[in-house]
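Me: I've got a structure to look at and I'm new to it. Can you walk me through it?
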Amino acid sequence: EEVLNILMQSSLPNSIFNSGPGTSPNYDKFIKALRSKITIQWIQGKMTNFDFLMHLNSFAGRSYNDLTQYPVFPWVIADYDSEEIDLNNPSVYRDLSRPMGALGIVRAEQFKERFEALNNNYARGDEPPAFHYGTHYSCAAYVLNYLLRLEPFSRFALSLQGGKFDLADRLFHNIGASWRSASRDNLQDVRELIPEFFYLPEFLENANSFDFGSKQDGTTVHHVTLPPWAKGDPRRFIRINRQALESEYVSKNLHKWIDLVFGYKQRGREAIAALNTFVHVTYEGTVDIKSIEDPVQRESIIAQIQNFGQTPSRLERKSFPSRSVVKSAKDSKNVDFTTLPLLEPLTPPFCVVGCPNVVHLRVAVQDTCKVGMIGQSDASVGDLCLSRGQLVGVGKTCALIAHTKKYYRFGGSNNGISVHVAMATARNWEVNRVLTMHDDMHRAPITAVKPSRDGQWLVTGCMDSTIRVWKYGNSHMDLQATLCGHDGGKITCIDISTTFGTIVTGAVDGTVLMWDLRTLSFLRELVQTPETDKRAVSQSVKSV
């Protein structure tokens, strides 16, 4: 808070908190308005459940930068035993109106009896405030246990256990077993999930071949055991789990879980009624560390707070509103086209949300491509975009820069590119007019190009399998790096995301490589599947 106050009192003309000249930034007012705006977007279906939960975690002071206050996500699926799973069946989902400790009837009654006994002792002044759960749903140890197959979390887990991994039986090794432990079997386990369960299949695989030992029954702990419906594929599990998070059932009920973790059922009488209270030191503002004079007691409480979990900051003192859910259309010719713009942010290109089977679409715009077609032997179209109701397309050897209403043309004998007018403007009224030429960008003809959305970056691929990254500004091309990794053959496709700092390139031999845009270095090679012929980076969920 001291650092924040100093920053807010500083002169920050470009800060998002700046309200204009002569005014001082009001952090609380800004955050409240931002939270209200994001909540409305979620209610209206303009934001995914995943994105909304990430925003709530951020508002509540939780982030990837602090293992003791790591983002918390709910268990959403309750069926980890079936061979197949039907996400349209409400019975496969967890009851989001109850905390993990209240899901099993027998265990919930035990927690209730514990609270009543502790509350009686507290009333006599013998013990601290009563609680249902002596452990928490999120703490550094749980995060490290989930992520121990990935670096640097592996090293952190070793450090936590004094240089060796915990006993094999206590490690995270089976998703179904973890669910049963947290929801039914174990009085000391009420843990929830972390965001990686919904987007990162790599944390389920022991790619580094760590030796986690063997359990008491002799089973060696290696990769995480997946539920039968995942068919042994971590990516399938992540995909289905993410689909479940965005499902109709979860969308209708997620606000109930938010009330427990971030809302009015986090504390007080509502929390007691919902069986949702934890040790008092885990709550924000209940302990004044500075007022504790005994150094031993002070260090003990700090260690307890850091190691045994912290409850997120409470964001609301009233119930969170529920989300508006649009009913899906199945095998129907009567598609409600008015809902599509509302749902468009939730989908990748060429997908219609709410119509999972047969979809009948009407032609809205039809035109013949005339931009960038000069010298082209066929009528193939490359990039497309819709600008103010006008459909704009360019030839297959061109790439649109929609932000600046220009396009790149490549593939000529000059081993470079040219910049042309794509859409007429007051400054450049002649479509297809050459604006600039850039020769000898590679040692051989360029076979693929991809500009970033803002037009500042350009990635080019060559016949000789090299990739080059450029910064484009003021009609100049500045080379940033030459990337080499494809074994041979021309580069056939490229995509770039400045949001996630990622470049993806594909070559004629089928290899697909990922690069880090920030460090301009190699990340990994993607496994090619027979049914996949192109790759693209989602600009909203960072999936390829």
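Me: How many disulfides are there?
Reply: The count comes to zero disulfides, where a disulfide is a pair of cysteine sulfur atoms within 2.5 Å. This is a predicted model, where local features need pLDDT of at least 70 and side-chain atom pairs count only at pLDDT 80 or more, while totals for chains, interfaces and linings use all residues. Residues are numbered from 1 along each chain as its sequence is written, and side-chain values use heavy atoms, leaving out hydrogens and water.

Me: Ok, cysteines then. Is C462 buried or exposed?
Reply: C462 counts as buried because its relative accessibility is 0%. Buried means under 20% relative accessible area, exposed means over 50%, and partly exposed is in between, using a 1.4 Å probe and protein chains only.

Me: And what about C493?
Reply: C493 has 24% relative accessibility, so that one counts as partly exposed.

Me: Zooming out, how many helices and strands does the chain have?
Reply: The chain has twelve helices and 14 strands. Those are DSSP runs numbered from the N terminus, with helices being H or I of at least four residues and strands being E of at least two.

Me: How much of the chain is buried?
Reply: Of its 544 residues, 44% count as buried. As for contacts with a separation of 6 or more, 56% are between residues 24 or more positions apart. Contact here means heavy atoms within 4.5 Å.

Me: Where is the confidence highest and where is it lowest?
Reply: Confidence is highest in helix α9 (residues 248-261), at a mean of 95, and lowest in helix α12 (residues 340-343), at 52. Over residues 346-350 the pLDDT is below 50, and that stretch has six contacts in the model beyond near neighbours in sequence. The score, pLDDT, is the predictor's confidence in each residue, from 0 to 100.

Me: And the average over the chain?
Reply: The chain averages a pLDDT of 85, and 85% of the residues score at least 70.

Me: New topic: how do α2 and α3 cross?
Reply: The axes of α2 and helix α3 (residues 49-59) come within 10 Å and cross at roughly 165 degrees. That makes α2 roughly antiparallel to α3. Axes are lines fitted to C-alpha atoms, for helices over the stretch in contact, and angles run from 0 to 180 degrees between N-to-C directions. Angles under 35 degrees count as roughly parallel, over 145 as roughly antiparallel, 65 to 115 as roughly perpendicular, and the rest as oblique.

Me: Which residues meet there?
Reply: From α2 you have I31, L34, R35, I38, T39 and W42, and they meet N49, F52, H55 and F59 in α3.

Me: Tell me about T39. What does T39 touch?
Reply: T39 sits in helix α2 (residues 27-43). Leaving aside neighbours within four places in sequence, T39 is in contact with F52 and P321. T39 is buried, because its relative accessible area is 11%.

Me: What about N57, buried or exposed?
Reply: N57, in helix α3, is buried, because its relative accessible area is 0%. Beyond neighbours within four places in sequence, the contacts of N57 are R62, Y70, P71, V72, F73 and F262. The C-alpha atoms of N57 and Y70 are separated by 8.3 Å, with the two 13 residues apart along the chain.

Me: Last one: what about α5 and α6?
Reply: The axes of helix α5 (residues 140-147) and helix α6 (residues 153-160) come within 9 Å and cross at roughly 130 degrees. That makes α5 oblique to α6. A141, L144 and L147 in α5 meet F153, F156, A157 and L160 in α6.
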